[in-house]
Amino acid sequence: MKKILFLSAMALASMPVLADGTDVTTFKYAGPYAVSRPVLMDSVDVNSAQYRKSSLLSTPLDLKTVENGKTVTQAIIAGQPTDAIHLLGFTLSNSIYTTADISVKCSGDYNLYVDGKQITGGHVTLSPAVHKVVLKCLTESGAAADTVSVSYEGKNLTAGTLGEGKRTYTIDDVLEQKLYTAANVSPDGRWMISSTYQMQQGGAEKRENFLWNLANGTRQKIQSTRWMPRTSKYLISRKESGQTGYTLVAVDPATQQETVLTEMLPNNSFTMSPTEDFVIYSEVTEGPKEKKDVYEVVTPDDRQPGWRNRTNIFKFDLKTGMVQQLTYGYHNVYLNDISNDGKKLLISSTRYDASKMRPTDFTSLYVLDLTTMKLDTIFTDDGFASGGQFSPDGKQVLVQGSPEAFGGIGLNIAEGQTASMYDYQLFLINLDNPSRVIPLTKDFNPSVSSAVWSNSDGQIYVSAEDKDCKNLFRINPKTLKISKIAIPEDMIDRWTVSSASPVLAWYGESAVNGNRLYTLNTKSLKNTLLEDISKNDLSNVELGECHPFTWVNPEGDSICCRYYLPPHFDSSKQYPMIVNYYGGCSPTSRSFGGRYSSQAYSALGYIVLIVNPRGATGFGQKWSAAHVNTAGQGVAEDIIGATKAFCAEHSYVNAKKIGCIGASYGGFMTQYLQTVTDIFAAAVSHAGISDHTSYWGEGYWGYSYSQTSMANSYPWTRKDLYVDQSPLFRADKIHTPLLFVHGTGDTNVPVGESIQMYTALKLLNRPTAMVLVEGENHWIMDYQKRIKWQNTIWAWFARYLQDDSSWWDSMYGHKDL
């Protein structure tokens, strides 16, 4: 672009836009960057196009450079002895969806970028955020100094200085947040491997592994993610072209010296014995094939891809390269643990039997003696127990399961209740008397997420859902006493324990900060921060405050809630509010990011209220049992009551502008809530259940999830639950504007659940809309589709809670059909 050019679709006759618009008065400047024109070997290129000097603007240059440039109040570009590129930057901020027309006046060629994307027409749509605007200007050699003038027009726009001040949290922050995926400490506790993941702009994924020297806090990139069990060397597997097996290498972290363990490793996914002389791996045998066009489904789970395949385990000797098949049959077999002396395996076998109705999946646990190949049974066909692990001395086994495991020895519920199968417990079994089972967590309200029996100190370390947090605990297996270990985060995500030293490596997050990496000294219980992975990315982000809120329902139960305030909150003003919940078997935790990031919603000017009603795990077995055979009853009353109480206590909430949102079972709750209350001005159901009967039969896990939510109840025995509590059969009671969003490839909650409810509301002439995301499953994973999905939800709330339909209209508009 050249001379007096306007980047909006305006006629030259309307050039005095600069006088009518708002002038940008402060810029960041970086440059000049000298560029050279190519030698013209011919007058035209292969496409007969003549060379244009403006093509120099395509010279790659990191636009972020201007953020560290100097601040200028007058954009005067000095003449240069050579052709040169100059960068000028500023910000445009908007708290609501809007459009902008940016006009530029300069004598040279330039390109305009908004948030890193080149704008060719000047008219740009802006979602609520602080946007980076950069001009990339070209000056010719010997040209006189040029003054650049920029103005903008648009609603709710404010110009600012690039790189200064704080901005709001956006969908880009949610999607591109750096995350830890592993924190693996070495056996001697001197080293750690951390793994990170980041989705980059556009959807590309970046994964990295780092080796930490815990003595001095330094790190370096490596390719490994795992350690040898006893020797503090990390493992790398490689496979060259034409090589039949993998080469397995052990690397000394201090010297980086490599030792080849084998060049014949059959499988790259394995567990190494604590004796470090063999590995155990699994192989999958494909089940009988059916024709693709017409085929038989032999059982409900047979609809799932790969269900007919079966897994068996194998032993590979690292010294000889000998492979030994350890199990054979048509039931899946899995490795649970290897004894410290390497002589025994703890293995489990599973079988499926739909005719049992509840449960339908059964686990058996065995000890396999590798010397004699003798199989000793610990328990068989328990539909409520899962896997286990050896004690350090190999004399006991720690088993995880639901409260009904082992004949219900771990039950702690009221008369008439059925326990939630998702409220996970721990049980202790002595191998010399397997029939005697000790329930370790019967009186422990948190729900177990994971557990490790430490070789270092003999204690059992446990992470568990603890109300809306996930905390760390320790069980003394001798006294059975459970103690809480203080950690400086709301959530402990993943963790490992050193096998020979008092070091536990972990990472976690809180409601107001992203992932942080720590070590914990298990003797002193001191936590040491190693890295705050999102600190730099969030350093200039203004986050909303998060506060607890508790409401006591009429039954005397304390309902755990929390709320987020918008950045720059002013208690003298009134704000719309969005209520989020799950309402199913799990709490809505204090995670920082996620698919329904409270910080991203509050950044748009909403109060966000999170409600954890009855039925969630992490509050005790009696509490989680309230999810069973209620189909929304009690849960809805808690959500409604907490919302009303919060509004009554906080005058800054506009009680006429309250929205609600939930996904999956929470999507069902969104639909059901609209049949029993009119307090919401807008509602969003993502992948929600509208008819318990159709979900029960159609979803891959519909009937198996119903073993928890509708325990021992079926469509032919409990019409009151399956029909009367289904939103579809109560559709005429709904008057709230209700948006349905759903992935067309959803195998968990099939898209028909949204379609049939949407159809009902359209026939009833109620305010509704449905937006389908092509090819996506229960979660929207594709980068670009995720952005459109999120903007759809925000546009719906803006339409009804902020009385601004422009965002929705720009995305979907009016259609004369």
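Predicted model: local features only at pLDDT ≥ 70, side-chain atom pairs only at ≥ 80, totals over all residues.
Eight strands build it, in the order E45-E46-E48-E47-E49-E50-E51-E52, and their pairing is mixed. At the edges are strand E45 (546-552) and strand E52 (768-773), each of which pairs on one side only. From one strand to the next, the twist averages 20°.

Within this sheet, strand E48 (residues 607-612) and E46 pair in the antiparallel sense over 5 bridges. In this pairing, Cys561 stands opposite Val611 in E48. With E47, strand E48 pairs in the parallel sense, over 4 bridges. Here Ile578 stands opposite Val608 in E48.

How many of the residues of E48 are buried? The count is 6 of 6, so the strand is largely enclosed by the rest of the structure.

Helix H12 (residues 752-763) touches strand E51 (738-743) and E52, and its direction makes about 155° with that of E51. Helix H13 (residues 783-801) also packs on the sheet, touching E47, E49, strand E50 (682-686), E51 and E52. The direction of H13 makes about 160° with that of E50.

Other helices illustrate burial. In helix H8, 9 of the 9 residues are buried, so H8 is largely enclosed by the rest of the structure. Among these buried residues are Tyr665, Phe668 and Tyr672. Helix H10 (residues 702-709) is mostly covered, with 7 of its 8 residues buried. The buried residues of H10 are Gly702, Tyr703, Tyr705, Ser706, Gln707, Thr708 and Ser709. What covers them? The cover includes strand E29 (344-352), helix H8 (665-673), helix H9 (692-698) and helix H11 (719-722). Aromatic residues also form a cluster here: ring pairs link Tyr422, Tyr424, Tyr582, Tyr665, Phe668, Tyr672 and Tyr705.

Across the whole structure, a search finds 31 aromatic pairs. In one of them, the rings of Trp506 and Tyr518 have their centres 4.4 Å apart and their planes at 10°; the pair counts as stacked because planes under 30 degrees apart fall in that class. Trp506 belongs to strand E41 (residues 503-510) and Tyr518 to strand E42 (residues 513-521), so the pair links parts of the chain that are 12 residues apart. Both Trp506 and Tyr518 are buried.

A second pair has another geometry. The rings of Phe569 and Tyr652 have their centres 4.7 Å apart and their planes at 80°; because this angle is over 60 degrees, the pair is edge-to-face. These two residues are 83 residues apart: Phe569 is in the loop between strand E46 (558-564) and strand E47 (575-580), and Tyr652 is in the loop between helix H7 (635-649) and strand E49 (653-663). Phe569 is partly exposed, with a relative accessible area of 27%. Tyr652 counts as buried, because its relative accessibility is 9% and the limit for burial is under 20%.

Arg219 lies over the face of Phe210, at 3.9 Å from the ring centre.

The last stop is Thr247, which is found in strand E22 (residues 246-251). Is Thr247 buried or exposed? Its relative accessible area is 12%, so Thr247 is buried. The side chain of Thr247 makes a polar contact, at 2.8 Å, with the side chain of Gln243. Leaving aside residues up to four places away in sequence, Thr247 touches Ile236, Ser237, Arg238, Val260, Thr262 and Glu263.

Definitions and conventions:
Residues numbered from 1 in each chain as written. Heavy atoms only, no water. Buried < 20%, exposed > 50% of the residue type's maximum accessible area, 1.4 Å probe, protein only. Polar contact = N/O pair within 3.5 Å; in protein donor to acceptor, adjacent residues only side chain to side chain. Contact = heavy atoms within 4.5 Å. Phe/Tyr/Trp six-rings, centres within 6.5 Å; stacked < 30°, edge-to-face > 60°. Lys NZ or Arg CZ within 6 Å of the ring centre and 35° of its normal. Pairing = 2+ DSSP bridges. Axes fitted to C-alpha atoms, helices over the stretch in contact; angles between N-to-C directions.
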